[in-house]
Amino acid sequence: MPNPLKCDLCSKPATVHLTQIVNNKVHKVDLCEECAQAKGVTDPSGFSLADLLLKASLNPEPANLSGVRCEQCGFTPNDFKKHGRFGCPACYDTFTSLIEPMLDSMHKGTVHTGKVPQKALARKSLQDRLSKLELDLTDAIKAERYEDAARCRDEINEVKQSFGQPSR
Amino acid sequence: MTIASLIDTPSELTDSGSSKTAVVLMTRIRLARNLAGTPFPGWAKPAKRGEIFALCREALSATSALKRSLCVSVEEMTELEKQILVERHLISRELSGAKAGSGVVISKDQCFSVMINEEDHLRIQVLRSGFQLKKAWNAINDLDTTIEDRLDYAFSPKLGYLTACPTNLGTGMRASAMMHLPALVIANQMEKVVRAVNQLGMVVRGLFGEGSDASGSIFQISNQTTLGESEDEIIKRLGSVLTSIVEHELNARQKLLEADPAKLLDKIGRAYGILRNSHVLSSSEAMNLLSLLRLGVDLKVFPEADRATIDRLFIEAQPGHLQHAQKGEFEPGQRDLLRAGRLRAEFANFPQPNFTFTADGSN
C-alpha cells in the first residue's frame with residue numbers, strides 16, 4: 001500500500017482494523033497494535049467500540065473551542081481528544097458545541113426522557129433558594145430595610161426547617 | 001465480611017441454576033452516577049479521589065441494601081482476589097487495574113455491587129439469575145433512589161445523568177443478559193444474530209469478540225445507547241430482543257435434533273467423556289465442554305438437578321477461582337492440569353447420560 005492507514009488515536013501505522021454496523025451505519029476504526037492493546041480490543045469483555053468511534057469522530061475539533069477551558073476543572077477539548085472522557089459535570093456546559101454534534105450519531109435521541117433524581121433536585125433548589133435569601137438578607141440589613149430583613153429571616157427559617165435542619 | 005468468605009458463600013450467580021435459567025443465565029443492570037460539582041475519577045487529583053471514595057463509601061454503607069456489605073479498596077486486594085471478583089462479574093477489569101482511591105462495595109448476597117471511582121464516581125450494579133430484567137430494574141431503581149438521599153448526583157434536565165464518557169449520558173443505564181446459545185453457535189447462525197441485534201441498537205459481546213465463537217457459547221447482549229429513551233423503554237426493547245433470541249436458540253436446537261440427532265448427542269457424549277477423563281484442560285476448552293453438558297441438561301440427557309453443578313463449574317473453572325481453591329498461584333500450564341483434575345473429581349459421580357429420550361421422539 002502506498003499510503004498505509006494511520007492509527008486513529010496516535011497516528012502510528014495501523015495494523016488492527018475494526019468495522020461495526022450500528023443503526024445501519026458502518027463505522028470503521030483503525031488502530032496500531034499498542035493502542036489496540038491499551039484499549040482492550042484484544043480483551044473483548046472490556047472493550048467498547050463505541051468509545052473508540054467517539055474519538056475517531058472528533059476530528060477536526062470545532063474551531064470556536066480552541067483555547068477554551070472548563071472553569072471548574074481546567075479541562076480542554078484537547079484533553080477530551082486524548083482521554084475520550086470529560087473532566088467534570090460542568091464540562092458538559094462548557095463544551096456544548098463539541099458534544100451536541102456527537103450525541104446525534106451516538107444515541108437514539110438527544111434529550112433525556114428517563115429517571116430524574118427528584119430528591120436530589122429538590123434539595124438543590126432549596127439550597128439555591130437559601131443562598132439567594134441569605135444574600136437578600138445581607139443586602140436588606142446593609143440598606144437598613146429592616147422589614148425586608150425580618151421577612152428574609154423568616155423565610156430562611158422556613159427553608160431550613162423543610163431541610164430538616166434546626167434553625168439557629 | 002472478607003473476600004474469602006464471600007467466595008465461599010453461595011451466591012445468586014453460582015448456586016441458583018434451574019430450568020428458568022436455561023437460555024438466559026443471568027440478567028445484569030448497571031447505572032453510572034456521578035457527584036455534582038466534582039471532577040470525574042479519571043481527572044480528579046489523587047487526594048480528591050480519596051475524598052470521593054470516603055464520601056461514597058459512607059453513603060453506600062448507610063443504605064439498607066448494603067448493610068453488612070463488603071467494602072474494599074483496590075489497594076487492599078491481591079491480584080488473585082481482584083481476578084476472582086472479575087470472574088464473578090462483581091467488578092470490572094478496569095476497576096481491577098484502577099489507581100488508588102478506587103474500590104467496591106458488595107452486598108452480602110452478592111446481588112448488588114457498587115464500584116467507586118471506576119470510570120464514573122459510582123457504577124451501581126444489580127445481578128439476578130435468569131431472565132429478570134424488570135425485577136432487576138426495580139431493585140436497582142430502589143437502591144439508586146436510596147443513594148440519592150445521601151449524595152447529590154450530577155444531573156442535567158436535558159442530558160440526564162452526567163457521565164465521564166458521553167456514550168453513557170441520559171439514563172446511564174446498561175442492561176444486559178448473559179445468554180447460553182450453543183445451538184446457534186453449532187448451526188453457525190451467531191453472525192447473523194449479531195448483525196440483526198446490532199441493527200436494533202443492541203450489542204453482542206462474546207469472550208473472543210464480536211461475532212466469534214464465544215468460549216462456552218456464552219454471549220452478553222446489552223443496550224448500546226442510553227440517551228433519548230427512558231429506562232422502561234430500553235428494558236422493554238432489550239427484553240423483546242432477548243425473547244426473540246431465546247426463540248431462535250430453541251428453534252436451532254429443534255432443527256439440530258431433527259436433522260442429525262446423532263451428531264448433536266455425539267458432541268454431548270464426548271464432552272461428558274472428556275470431562276470425566278481428561279488430564280489437561282484449558283479454561284476455554286473446559287467452558288466449551290461444560291456448555292455442551294448444559295445443553296444436555298436442557299435436552300434431558302442429564303437430570304435438571306445437576307444444572308446448578310455445571311453453572312457453578314463455569315465460574316470455578318476460571319483461572320482465579322481455580323487458584324483460590326488450590327490455595328496458590330500457578331502458571332497457565334499447571335492450571336490446565338489442576339483444572340482437569342478438579343473437573344474429573346466433580347464429574348466422577350455425575351449421572352450417566354441418558355440418550356433414550358430421542359427414541360420415543362419426545363424430550
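1. In which helix of chain B is the place of L338(B)? The helix is α14, residues 332-348 of chain B. This is a predicted model, and the points below should be read as comments on that prediction.

2. Overall form of chain B. Chain B has 14 helices and 10 strands. Its radius of gyration is 21 Å, close to the 21 Å that the globule rule gives for 363 residues, so chain B is as compact as a globular protein of that length. The C-alpha trace of chain B spans about 65 × 45 × 30 Å along its principal axes. Of the 363 residues in chain B, 56% are buried. Among contacts in chain B with a separation of 6 or more, 70% are between residues 24 or more positions apart.

3. The sheet. In chain B, 8 strands make up an open sheet, ordered β2-β3-β4-β5-β1-β8-β10-β9, with antiparallel pairing. The edges are held by β2 (70-73) and β9 (202-206) of chain B; each has a single partner strand, so one side of each is left without a neighbour in the sheet. On average, and with direction ignored, neighbouring strands of this sheet are turned by 20° against each other.

4. One strand pair in detail. Strands β4 (residues 112-116) and β5 (residues 122-129) of chain B run antiparallel and are joined by 5 bridges. M115(B) has R123(B), in β5(B), as its bridge partner.

5. Nonpolar cores. The largest nonpolar core has 126 residues, and the members that touch the most others in it are V104(B), M179(B), I221(B) and L293(B). Beyond its neighbours within four places in sequence, V104(B) is in contact with V72(B), L90(B), I91(B), L95(B), S113(B), V114(B), M115(B) and I116(B). There is also a second, separate core of 7 residues, which includes L9(A), A14(A), V29(A) and C35(A).

6. V193(B). This residue lies in helix α8 (residues 190-199) of chain B. Is V193(B) buried or exposed? V193(B) is buried, because 23 other C-beta atoms lie within 10 Å and the cut-off for burial is 20 or more. Not counting residues up to four places away in sequence, V193(B) touches L184(B), I245(B) and H248(B).

7. L338(B), in helix α14 of chain B. L338(B) is partly exposed, since it has 17 other C-beta atoms within 10 Å. Apart from its neighbours within four places in sequence, L338(B) is in contact with L322(B), Q326(B) and F330(B). From L338(B) to Q323(B), 15 residues apart in sequence, the C-alpha to C-alpha distance is 8.8 Å. V193(B) and L338(B) are 145 residues apart along the chain, and their C-alpha atoms are separated by 36 Å.

8. The interface. How many residues of chain A are in contact with chain B? There are 40 of them, in contact with 47 residues of chain B. On the side of chain A that touches chain B, β1 (16-22), α2 (49-56), α5 (96-106) and α6 (118-142) of chain A each supply at least two residues. The most comes from α6(A), with 5 residues. By class, this side of chain A has 19 nonpolar, 13 polar and 8 charged residues.

Methods
Residues numbered from 1 in each chain as written. Chains lettered and ligands numbered in written order. Predicted model: local features only at pLDDT ≥ 70, side-chain atom pairs only at ≥ 80, totals over all residues. Contact = placed C-beta atoms within 7 Å. Helix = DSSP H or I, 4+ residues; strand = E, 2+ residues; numbered from the N terminus. Nonpolar A, V, L, I, M, F, W, Y, C, P; charged D, E, K, R; others polar. Buried ≥ 20, exposed ≤ 12 C-beta atoms within 10 Å, placed from the backbone. Pairing = 2+ DSSP bridges. Axes fitted to C-alpha atoms, helices over the stretch in contact; angles between N-to-C directions. Core = buried A, V, L, I, M, F, W, Y, C linked by C-beta atoms within 7 Å. Rg over C-alpha atoms; globule rule 2.2 N^0.38 Å.
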